[in-house]
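I opened the model today to look up a few positions and their surroundings. My notes follow in the order I took them.

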Amino acid sequence: MRRLIINADDFGFTAGVNRAIIEAHTHGVVTSSTLMANGAAFEQAAEIAKTVPNLSVGCHVVLIDGEPVLGPDGIPSLVSRRSSSPRFRDGLKAFATRALAGLLDPEQIEAEASAQIRKIQSAGISVSHVDTHKHTHLFPGVLYPLLRAAASCGVRAVRNPFGPRRPLRSHRLFARPSLWSRYAEVRILRAFSGKFRSAVDRHGFATPDGTLGIVVTGKLDEALFRAIAENVPDGTWEFVCHPGYYDDDLRAARTRLREAREIELRVLTLPEARSLLSREGIELISYRNLILG
């Protein structure tokens, strides 16, 4: 049996991203999405989410490259002192260094994550699952307080940010040199996968067998989508995507994913995408389905 959750990240980032995610759900293959409580278009996203009851909506917990929900005085280990307004520190490498060195206060992470989840719930949305911006919960120092925060908010499902050992067949990977460094990084970070699984099992969370699509973030096209679909392992997996419209709001935003978001939207809404998954015997499910079993 092969089941696939297709989750669109960054719901609430911009109005154009919101519109694209809804289109990718209603006219495409997206089954779930994660909402940024501190996104510029959060209020709009929260309202339109209520018009698509089959879209499973989770919380995209942001601890990097964004603004906190809580005041900076309560989370000093997470925010930058260089910014004139409250902001998390930018850059995954610097964040990873601080996480591995134990410089991120777990109580502050738990408090900020709880605040983000509860803000979404206060908007009338039943939060089905949690994940993190740039997958920061792959680090144990972030994962443990994140799970406590989610549990305290009644959320019992979390993204498994670790992929299969071979997300693409070798000839597909070798044909795309732009993916090599990303693939190497993902392989190195798999060292944390054992701790992730142990913690999730210990806390009684539902999670997929792993995540697909991280290696191709920003590079996804029809050929890569087909290659991933043809290589989905047995079990339940999540495909991560970032559809959006490259409009003025996105041009002004801090993100490396720009034109790529429109390409992803096109791929996700092609009739061929759904028929390909059907031919491969892959059942599309949402995080809500995962929780219900």
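Which residues does asparagine 7 touch, not counting residues up to four places away in sequence? I took contact to mean heavy atoms within 4.5 Å. On that basis, I listed Ser32, Ser33, Thr34, His129, Asp131, Arg159, Glu238, Phe239, Val240, Cys241 and Tyr287 for asparagine 7.

Before going on, I noted that this is a predicted model, in which local features need pLDDT of at least 70 and side-chain atom pairs count only at pLDDT 80 or more, while totals for chains, interfaces and linings use all residues. Residues are numbered from 1 along each chain as its sequence is written, and side-chain values use heavy atoms, with hydrogens and water left out.

**Asparagine 7.** I found asparagine 7 in strand S1, residues 2–11. Strands here are DSSP runs of E, at least two residues, and helices are runs of H or I, at least four residues, numbered from the N terminus. Asparagine 7 counts as buried because its relative accessible area is 0%; the cut-offs are under 20% for buried, over 50% for exposed and partly exposed in between, with a 1.4 Å probe and protein chains only. I then looked for polar contacts, meaning a pair of N or O atoms within 3.5 Å; within protein, one must be able to donate a hydrogen and the other to accept it, and residues adjacent in sequence count only if both atoms are side-chain atoms. The asparagine 7 side chain makes one with the side chain of aspartate 9 at 2.9 Å, and another with the side chain of histidine 129 at 3.0 Å.

**Histidine 137.** I placed histidine 137 in the loop between strand S4 (130–132) and helix H5 (140–152). Histidine 137 is buried, because its relative accessibility is 0%. Beyond four places in sequence, its contacts include Asp131, Leu146, Val158, Arg159 and Phe196.

**Proline 208.** Proline 208 is in the loop between helix H8 (193–203) and strand S5 (210–212).

**Nonpolar cores.** I used the term for a set of buried Ala, Val, Leu, Ile, Met, Phe, Trp, Tyr and Cys residues joined through side-chain atoms within 4.5 Å. The largest has 80 residues, and Ile6, Phe225 and Phe239 touch the most other members. H5 gives the largest share of this core, six residues.
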